[in-house]
Amino acid sequence: MARFEHLEFGPDANDRPQPAEQTREAEDDSRALANADRTRRRGQYENALRFYSRALEYDKSLIAAWAGQVQMLVQLGEAPEAELWCRKALELFPGNGELLAARAQALCRVGDTPQAGAVCDAAMGAAGRSAFRWQVRGEWMLAGRQKLDEHCFSKAQEIDGNWLVALESALIYLHYNFPSRAVVRARLATELAPAEYYPWFVRGTAEGESGLRRSAIESLDQCLQLCPGNFDALTRRRKLDAGWSAGAAWRACRNFLRRR
């Protein structure tokens, strides 16, 4: 729980900036949010988490930063911490739809599907709408092995056509071991953002886990063209090569034995 010890939960009236400081702080929190978004789109979730935290140091009322930090903790596999943090945030902003959705996602990841469903319902019923709420609805469907998950992710994409929505929908599918469905979303992400390397990595991962070896290699190679030396892409690419080599050796041995 090391990260949790450093989180700020309550807006302190004594910390409010004076008028002369407000413009500078607005620029600072905007820059921090922009950096969080940039690193998030590269799959650099530790860095994104730090930038969201930095934005809150400037302005504790930024719901996007609160929800963003919870989402990054989920991506980092720290769902229990994310859920605890979200409950604290909801004490400050009760009934907020984005924070409710973030908590529902964390609950899905810790395996509390029934409570996740109740919180997800509350998020969907809150004022406003967002792609993220529909994504979490789709995740809850997957966690409970229910139908209509694809409808939820399509609805999320309809609300926000940004490639990040498609990418993070693919990541949800990968988490629940539905790689073939992840391929569809990841391919959409690469179509929308062909010059971004992380969507190609996620696409290659999904294709590889779906048994689409040739396509996976092509996607990972494209990732490496855009980001030479990317460690994760290189590692996954080598595993595909090693798996093919082992499979080829076994097939050659089997064919030899059949001829005897």
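Buried residues make up 47% of the 260 residues in the protein. Buried means under 20% relative accessible area, exposed means over 50%, and partly exposed lies in between (1.4 Å probe, protein chains only). The model is predicted: local features need pLDDT of at least 70, side-chain atom pairs count only at pLDDT 80 or more, and totals for chains, interfaces and linings use all residues. Residues are numbered from 1 along each chain as its sequence is written, and side-chain values use heavy atoms, with hydrogens and water left out.

**Whole chain**

Start with the cartoon view. The protein has 13 helices and 0 strands. Helices (H or I, at least four residues) and strands (E, at least two) are DSSP runs, numbered from the N terminus. Read from that end, the elements run α-α-α-α-α-α-α-α-α-α-α-α-α.

Switch to the surface. The accessible surface comes to about 13300 Å², and 50% of it belongs to carbon and sulfur atoms. These areas come from the Shrake-Rupley method with a 1.4 Å probe; for residues, only the protein chains shown count as cover.

Now turn to contacts, meaning heavy atoms within 4.5 Å. Of the contacts with a separation of 6 or more, 55% are between residues 24 or more positions apart.

**Stop 1**

The structure holds 15 salt bridges. Each is a side-chain nitrogen of Lys or Arg within 4 Å of a carboxyl oxygen of Asp or Glu.

Select Arg109 and Glu139. They form a salt bridge, with the closest N and O atoms 2.5 Å apart. This pair links distant parts of the chain: Arg109 sits in helix 5 (residues 97–110) and Glu139 in helix 7 (residues 131–143), 30 residues apart. Both Arg109 and Glu139 are buried.

Next, select Asp121 and Arg137. Their salt bridge has its closest N and O atoms 2.5 Å apart. Asp121 lies in helix 6 (residues 113–125) and Arg137 in helix 7, so the pair ties together parts 16 residues apart in sequence. Asp121 is partly exposed, at 43% relative accessibility. Arg137 is buried, with a relative accessible area of 18%.

**Stop 2: helix 11**

Select Glu207 and Arg203. Here the closest N and O atoms of the salt bridge are 3.0 Å apart. The two residues are 4 apart in helix 11 (residues 197–209), so about one helical turn separates Glu207 from Arg203. Glu207 is buried, with a relative accessible area of 0%. Arg203 also counts as buried, at 17%.

Then select Arg213, Asp221, Arg237 and Asp241. Salt bridges that share partners join these four residues into one network.

**Stop 3: helix 9**

Select Glu168. This residue is found in helix 9 (residues 163–175). Glu168 is buried, with a relative accessible area of 8%. Show its surroundings: setting aside residues up to four places away in sequence, Glu168 touches Arg40 and Gln135.

Finish with Trp163, which lies in helix 9. Trp163 counts as buried, at 10% relative accessibility. Leaving out neighbours within four places in sequence, Trp163 is in contact with Arg41, Ala189, Leu192, Ala193, Glu196 and Pro199. Draw a distance from Trp163 to Arg41: the C-alpha atoms are separated by 9.3 Å, while the residues are 122 apart along the chain.
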